Amino acid sequence: MSVDPALRELYQEVILDHSKNPRNFHEITEATHSAKGENPLCGDRLSLYLVVDEGVIRDVGFRGAGCAISTASASMMSEILKEKTEEEAQTIFSAFHDLVTGKTEDETLGKLAVFAGVRDYPVRVKCATLAWHTMRAALSRKEEAVSTE
Amino acid sequence: MSEVAMRSVRGAFDVERVRADFPALRQSVKGKPLVYLDSAASAQKPRQVIDAVSAFYSHDYSNIHRGVHELSERATRAFENARLKVQRFVRAASEREIIFVRGTTEGINLVAQTWGRVNVAEGDEVLITHMEHHSNIVPWQMLCGEKKAHLKVVPIDDRGDLDMDALRRLLGPRTKILAMAHVSNALGTINPVREVVELAHERGIPVLIDGAQAAPHLRVDVQSLGCDFYTLSAHKMFGPSGVGVLYGREALLEKMPPYQGGGDMISSVSFEKTTYNRLPFRFEAGTPNIAGVVGLAATIDYLDTIGLEAVGAYEEELLDYGTAALKELPGLRLIGEARHKASVLSFVVEGVHAHDVGTILDQEGIAVRTGHHCAQPVMDRFGVPATARASLALYNNRDDIDRLVAGLRLVREVFA
């Protein structure tokens, strides 16, 4: 039995790499913003830590347990958000959301384009966007945990 | 004589003939023949049940218990005949003990909200087990919250068996009711219900059994089990969704206050006073799922002609085959290896989240459930966020298991 092309599209090397070796996978004790996210459907849990200084995200860290898609998404997000302004982060969120829900093929997303395969798996959109929803909650200083349900 | 009856007379369980009864199994998913291994979530329906529901809607449908016209009489007869069928199916003493509800969850809520609200007071205890489905946790939690009572939990061991010594210790003077699954949905454990009921009854404690996962696999006999309440869902036993049964011992039901108010549960109403109807109608407010109940009756006929004893023996053999096959896969850990098990293969693949396992199997046309199976405390007990669960039913065969194993090899390949 060989790996189906659609599956290979979903589980690209870069996604597998980030899921097995997540970047910035640590708590930040001096975080200015933090939030928890969870996906009750699959039990994924994520704690996100941000250091924001004068509207610019200086550092990002996260902890948690999740599937390959959600872990890779959080890992790549943590790299991309560094040195972005809060507004830029919101713009990337929207573009990313549109990408995984199949609304657009945004050229500006760079490395994040590997998540385009998610659009063929509607049930996995929540996995891909969990970290991003949690990031928005952290920036808006929401107290309660974010849920994708 | 029908095909199914012939089959039963011959005495052999012929899985290929059974498979032919289920239209949903004859389809391809993602370009591959469907392997349906998610029956513990909800089971597929045989054409005998689909046809019965269709025939009922086509010829006999009407509201029940009120009309004086022919169709209403036919519908009422079909509905009440179904009640007699259920009574015989679970071996209840009287049809007054059979209450139609939406499903197992509603059955448990009914008992918690009626029997529970009258009999549980501040400082009392409700006893459940660590392997319960959320629907046999939350209704009791709600009741305990309202009454300032305590929810106590019987632990389970690493194999997924109930800790009977702990259960004996936890049955105390303040225990008001014990609620427990007959078969665990997440682990497949078959609990020693009769023994537990004896222990509880020695102390005068009533027992509710969540039979959702047992009814499709085992012969249920509420009198032999001795339980006070037993509840099940039609959709798990190859019948329609949105309908289920609560069995309750008549002596207990008689003393329970009504559940929901409305038509069918009353004898007479004035603005000053309402007189409630007799059992079982007292607990059946509003127009029920009439066609669903008719479908449930057809389901019982179907299971009776095949014979649940034959089903049980066949499934046990298939479960053994599946257990052995999965154990040979490197990096796979079975969750739940109780001494007595039914129909469930719950597992984790090392280094791969259950959700990813589910997606890759789906790509191969294999339907399994992934997640916490509405049993989060069970996941916590075994230290996993989620499992993949392949659940078997009477229409699964060895080929389904072989396809699952091949799919799991593919999972390793993708994540290698």
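Visitor: What is the relative accessible area of Tyr61(B), and is this residue buried, partly exposed or exposed?

Guide: The model is predicted, so local features need pLDDT of at least 70 and side-chain atom pairs count only at pLDDT 80 or more, whereas totals for chains, interfaces and linings use all residues. Residues are numbered from 1 along each chain as its sequence is written, chains are lettered from A and ligands numbered from 1 in the order in which they are written, and side-chain values use heavy atoms, without hydrogens and water. Buried means under 20% relative accessible area, exposed over 50%, and partly exposed in between, with a 1.4 Å probe and protein chains only. Tyr61(B) is therefore partly exposed, with a relative accessible area of 37%.

Visitor: Which kind of aromatic pair do Phe56(B) and Tyr61(B) form?

Guide: Rings of Phe, Tyr and Trp (its six-membered ring) pair if their centres lie within 6.5 Å; planes under 30 degrees apart count as stacked, over 60 as edge-to-face and the rest as tilted. Phe56(B) is buried, at 3% relative accessible area. Its ring and that of Tyr61(B) are 5.8 Å apart, centre to centre, with 85 degrees between the planes, and the pair is edge-to-face.

Visitor: Which residues do ring pairs link to Phe22(B) in a cluster?

Guide: By the ring rule, the count over all chains is 13 aromatic pairs. Ring pairs link Phe22(B) into a cluster with Phe238(B), Tyr302(B) and Tyr395(B).

Visitor: Which are the edge strands of the open sheet of 7 strands in chain B?

Guide: Helices (H or I, at least four residues) and strands (E, at least two) are DSSP runs, numbered from the N terminus, and two strands pair if DSSP finds at least two bridges between them. The sheet has the order E4-E10-E9-E8-E7-E5-E6, with mixed pairing. The strands that pair on one side only are E4 (98-101) and E6 (150-154) of chain B.

Visitor: What is the bridge partner of Ile98(B) in E10(B)?

Guide: Strand E10 (residues 244-248) of chain B pairs with E4(B) in the antiparallel sense over 4 bridges. In E10(B), the partner of Ile98(B) is Tyr247(B).

Visitor: With which residues is Val311(B) in contact, leaving aside its neighbours within four places in sequence?

Guide: Val311(B) belongs to helix H12 (residues 308-327) of chain B, and this residue is buried, with a relative accessible area of 0%. Contact means heavy atoms within 4.5 Å. Beyond those neighbours, the contacts of Val311(B) are Phe13(B), Pro216(B), Ile306(B) and Leu394(B).
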